[in-house]
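Me: I am new to this structure. Please take one part and look at it closely, then connect it to the rest.

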Amino acid sequence: MLKIKNLEAGYDKLKVLKGISLHVNSGEIVTILGANGAGKSTLLNTIASLVKPTEGEVRFKGRNVQTARPDYMVTNGCALVPEGRQLFPAMTVRENLILGAYTLYGRRDKKIANEYLSEIYSMFPVLDARKSQLAGTLSGGEQQMVAIGRALMSGPDLLLMDEPSMGLAPIIVKTIFKAVLTLRARGKTILIVEQNARAVLEIADRGYVMETGMLVIEGDAGELLNNNDVKRAYLGRDYKEFTD
Amino acid sequence: MKKYLPVMLLAGTVIIIQLLTLITGKGFLLTQLTMSTWYVIAALGLCMVMGYAGQISLGQAGFFAIGGYTTAVLSTIDFSARTGTSVFSFFDSLGLLLTRQTIYGDTVIYLSPWAALIAAILIAGLTAWGLGVPVLKLRGHYLGMATMGFGIIVNRIVVGTKIFGEADGISNVPPFKMFPGFEISGKVGFRVGNYYFAWLVVIIALILLINLINSRAGRALKALHGSEDAADAMGVNTARCKTAVFIIGAVLAAVAGFFMTHYNGGIGPSESSVIKSVRYVSIVAVGGMANIWGTLIMGMLLNFLSLRGVFGHFDDAVFGIILVLMMMFMPDGFIRKEVFYSIKTLFRGKK
């Protein structure tokens, strides 16, 4: 589905990604763990073509897309749930969702968009109840659901999620990650960037650990959960217990 | 059909106002009403750019002036001295050359304003495109500064260039004879006709804008206003959207400037001044930013009062004060639902 080779990207003179190589197979849930400032969000934004790479290759569905425009990526089935949700606060929930279907148009597409809309409502019933409420007035968890729903409205095959658990209560995080599993069962491929390592490794198939713009560890989710370095850095156990 | 109900109400109001001026014998008021209407069209253009797409533009008067000066220059060229040249025969073969008598009884051959109208739209649109592509990459007050710079440039070019009449502006602009029996001019006989024609243009513009706002493109504009990064991530081509709405705003202003110039029979450099741009901004702000109806109502009211001389010497100051007060106390504008609700509860009492 997605294959990245030696990817380098950044902002002006600041190089954030220093040679990233990874792959995501069809139907997988892959996670990228890392601390603040490691470059996780930049990586997702580069895949979504919002940031242009300076070096390297991004292949999506077998096509080189490193120079594509953001709307090409959305049209061809790669949607981003941006960091911090980035909803349109002055628009209603329904308007926000419909905007996600911006790249679909024409009469036939309208029918498809309506199908997607009812699918999202059945997945997150609370959104149906609040569809005419302004998105800015929702709680954090509900806003995250709108953000996910909005990305799903373009009918993506690959869903990029940037810190979906950010600022949410543990029980809401559980609901969100359950929805991610449902999405995988419906045939979506998902790439999640997270800091909440324990929660995301429970649902992921594979994971990478990112540090200062490079991927330092790669492995199955179970392996990572038991990896001492990961435990020490991200699972908050006592440092000594694992170094002895 | 429901979304056109306000438009029909508007058409009814327009007719009632005309009949009222007829009954009370104050037909002269229609002159200022017509002029306000042309200004309102320029304000509606800015409402799309600023209110809906969220792009601050302090150069709207520049586009108004481009429309006005294009026709003022083109339709005052006397072609009778140029008979036999290739330019003459080119326009003549298209039937675009007309003759008229000046007040001194000389016969003048001039270019049809229809050609000037097309030129005005093209020049304004191309200028907006050329300006918009680089400048709309800026955000917030940087964009405001850049567009204000554009407004100042237009103003200084107009004041400093001979063919634009320098500080005197251009007078003697011929009437625009649109079809037999009707012309855009300040003559008393065409006052009622001009009033209705101006409103016809407003209504056409409103219908187009309402459809645009409620379309997929309109949603993209609103999204752009909310968060440009998120709009990008949704696959909205934000650069193209911004440029397109900027061009729409500029063309509306140029059309307004074009008709106003023929209506007044001339145009002066004050139409291109930055103060005029600030006026448009304060009208859109009072109207509630993303609210074409608010812009329409407040634009009519304020321009009419201003043209009647109610504000006296403080004309420009009044618009400045309005803008300051609006930003301080009512940043969401005056014409909006909440204000009507509070007026309603005022009369009904609290529930």
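Reply:

Lys174(A) is partly exposed, because 15 other C-beta atoms lie within 10 Å; a residue is buried with 20 or more other C-beta atoms within 10 Å of its own, exposed with 12 or fewer, and partly exposed in between, the C-beta atoms being placed from the backbone. This is a predicted model, in which local features need pLDDT of at least 70 and side-chain atom pairs count only at pLDDT 80 or more, while totals for chains, interfaces and linings use all residues. Residues are numbered from 1 along each chain as its sequence is written, and chains are lettered from A and ligands numbered from 1 in the order in which they are written.

Lys174(A) belongs to helix H7 (residues 170-185) of chain A; helices (H or I, at least four residues) and strands (E, at least two) are DSSP runs, numbered from the N terminus. Its C-alpha atom is 7.8 Å from that of Ala199(A), which is 25 residues away along the chain.

Next comes the largest nonpolar core, with 161 residues. Such a core is a set of buried Ala, Val, Leu, Ile, Met, Phe, Trp, Tyr and Cys residues joined through C-beta atoms within 7 Å. Leu160(A) is among the members that touch the most others, as are Ile41(B) and Val284(B). Helix H2 (residues 29-52) of chain B gives the most to this core, 16 residues. Leaving out residues up to four places away in sequence, Leu160(A) touches residues including Leu44(A), Ile47(A), Cys78(A) and Leu191(A); contact requires C-beta atoms, placed from the backbone, within 7 Å.

The chains also meet: the contact takes 22 residues from chain A and 15 from chain B. On the side of chain B, helix H8 (216-226) and helix H9 (228-233) each give two or more residues, and H8(B) gives the most, with six. That side has six nonpolar, four polar and five charged residues. Here Ala, Val, Leu, Ile, Met, Phe, Trp, Tyr, Cys and Pro count as nonpolar, Asp, Glu, Lys and Arg as charged, and the others, Gly among them, as polar.

Chain B also holds a hairpin, formed by E3(B) and E4(B) with two residues between them. Strand E3 (residues 176-179) and strand E4 (residues 182-184) of chain B pair in the antiparallel sense over three bridges; pairing requires at least two bridges found by DSSP. Phe179(B) has Phe182(B) in E4(B) as its bridge partner, and Gly181(B) in the turn has a positive phi of about 90°.

Terms used:
Two residues are in contact if their C-beta atoms, placed from the backbone, lie within 7 Å.
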